[in-house]
Amino acid sequence: MNAVFLITRREFAAFFATPIAYVFIAIFLMLSGIFTFFMGELYERGQADLQPFFNFHPWLYLFLVPAIAMRGWAEERRSGTIELLMTLPVTVTQTVLGKFFAAWLVLLLALALTFPIWLTVNYLGHPDNGIVLAAYIGSWLMAGAFLAISLCMSALTKNQVIAFVLAIVVCFLFVVSGSDIVLDAFTQWAGNATVDTIASFSFLERFSAMAKGVLALNDFIYFMLVIGLWLYACQIIVEQKKAA
Amino acid sequence: MISVKNLCKSFGDFTAVDDLSFEVKPGDIVGFLGPNGAGKSTTMKMLTGFLTPTSGHVRVNGRRMSKNATVLQRDIGYLPEGAPAYAEMTTFQFLNFIADIRGLNKREKRERLKEVIEQVELYDVLDKTIDTLSKGFRRRVGLAQAIIHNPQILILDEPTDGLDPNQKQHVRKLIKNLSKDKIVIISTHILEEVSAVCNRVIIIADGAMQFDGTPLQLQQQSRYYQAVTLKLSYAADITGLLEIPGVKDMQVDKETGEVTLFPEQGKYILGPITEHVHHYRLPIDRLHVDEGRLDDVFVHITSHGSHK
């Protein structure tokens, strides 16, 4: 467990030793501001809640999380440091977890730095802060799911651009799997059960409940499962590449 | 102890390592030689548990690498090809990270860091990020990283590549001075390095073993081993030289006027030759005994292998 901590600390520091974390956080804050105030019309709605803020998170994450994760394994492979890492006395699982936690913490920091929006709403009215907290937790969980997918894609290639594009495609499928874009392809021939299962994969559907402050256990478990499974896949890919 | 048995590694159709078997005991400093693409690096990657063999296995202290990698890697220090390191870290941060992950406690860490930084001479670059370092310094950081936990087994892939002659000598001395009961395996394509540092040579070509012995045995394979070369001041009758007992062959270099006499296998011919020279008062400027030309042997051994 100590190794996970050491790797997390190294990776986290690496984000800040390069401009990556700063650029990421700055852009995240700018975009979430723009979305909330201009497109979400926070003021015009006349309601003291953060729904317009949270509703855009899946779309923000769709592009920003693959950007922060694409480097994860691809760079390690390109620069050859993966050979160093894999010959240190740590297991693949420990490195996979370490990398995931480091990036997840950067995402947490980015989320935490959106607090001025929360202050604004509290200044203007009396929002239910329990709901806001639940929505923040939900958003962070969803970011973790995006991150696990993106890291797994990064493990597939040594080219960061390819990792980025692959991650966006897979994440996009998960975001929209509840919408007609995906479901129409199945309704023609698949049974209702299949269609419902696919629809239930949708990040958008699950997060829309979370954004309203409903932190249901099944949604929570769903995101944890997505994270767990994609990280497991990531570990298998890293180990397979070792043998090849 | 490392024992390698019937080790094979193929990437698709390409066989990088072909049925390699050998054992390395504590105290051995093995020079791992071979032409580019012979499978040196691939073999080292399997020894350190980075790559999984296609067939055969690597055992360290009797335990299989493929099953116990994380445990066995504790005792191994490894400098991968090209000395990769995290570019955005400073030298000190990097060494500190490696020491932490190697499980050194605070006191050990401070001691070892100090010792290693001194040994490899990294004082000047401790606070520079690794991507700003020159090739030579990067290689030294890689070396420091490999020895920081004082490992029982040290595997170095081209440790002196990119170093200037002073640094090369320094690194060789460092490797020699590591304690006597360790296993050191270094790959190189510099032949002089092998006779300077190693007490055992393994040559592979096309992934297969071509030679395994001491540097002396390697030298003895040379036609020039114990050959005597004379430089005459002016043309003189040298036909008699061939009749000296033990001399097998004679070669005259027309341009320089040097005469080289080759001995029969295992014979030393310097004595009889000097006697002959004295007796016939041959006009000699220079005379030297060859210790064997490793380049020749290397070419002979490795090109022989590729004919298979």
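Here is a short walk through a few helices and charged pairs in this predicted model.

Let's start in chain A with helix α13, which covers residues 192-200. Val195(A), Ile198(A) and Ala199(A) are its buried residues. Looking down the axis of α13(A), you'll find its buried residues within an arc of 100 degrees, so they line one face of the helix. That face packs against α12 (180-187) and α14 (203-211) of chain A.

Now for the charges. Over all chains, the structure holds 19 salt bridges. One of them joins the side chains of Arg78(A) and Glu75(A), at 3.2 Å from N to O. Both sit in helix α6 (residues 71-79) of chain A, 3 residues apart, or about one turn of the helix. An α-helix has 3.6 residues a turn, so residues three or four places apart point the same way. Arg78(A) itself is exposed, at 54% relative accessibility.

Over in chain B, Arg172(B) has two partners to look at. Its side chain meets that of Glu193(B) in a salt bridge of 3.0 Å, N to O. Arg172(B) lies in helix α6 of chain B and Glu193(B) in helix α7 of chain B, so this pair ties together parts 21 residues apart in sequence. Arg172(B) also forms a salt bridge with Glu192(B), at 4.0 Å. Buried or exposed, what are these residues? Arg172(B) is buried, at 14%, and Glu193(B) is buried too, at 1% relative accessibility, whereas Glu192(B) is exposed at 53%.

Finally, a network of salt bridges links Arg10(A), Glu11(A), Arg71(A), Glu76(A), Lys99(A) and Glu88(B).

Conventions. Residues numbered from 1 in each chain as written. Chains lettered and ligands numbered in written order. Predicted model: local features only at pLDDT ≥ 70, side-chain atom pairs only at ≥ 80, totals over all residues. Heavy atoms only, no water. Buried < 20%, exposed > 50% of the residue type's maximum accessible area, 1.4 Å probe, protein only. Helix = DSSP H or I, 4+ residues; strand = E, 2+ residues; numbered from the N terminus. Arc of directions from axis to C-beta. Contact = heavy atoms within 4.5 Å.
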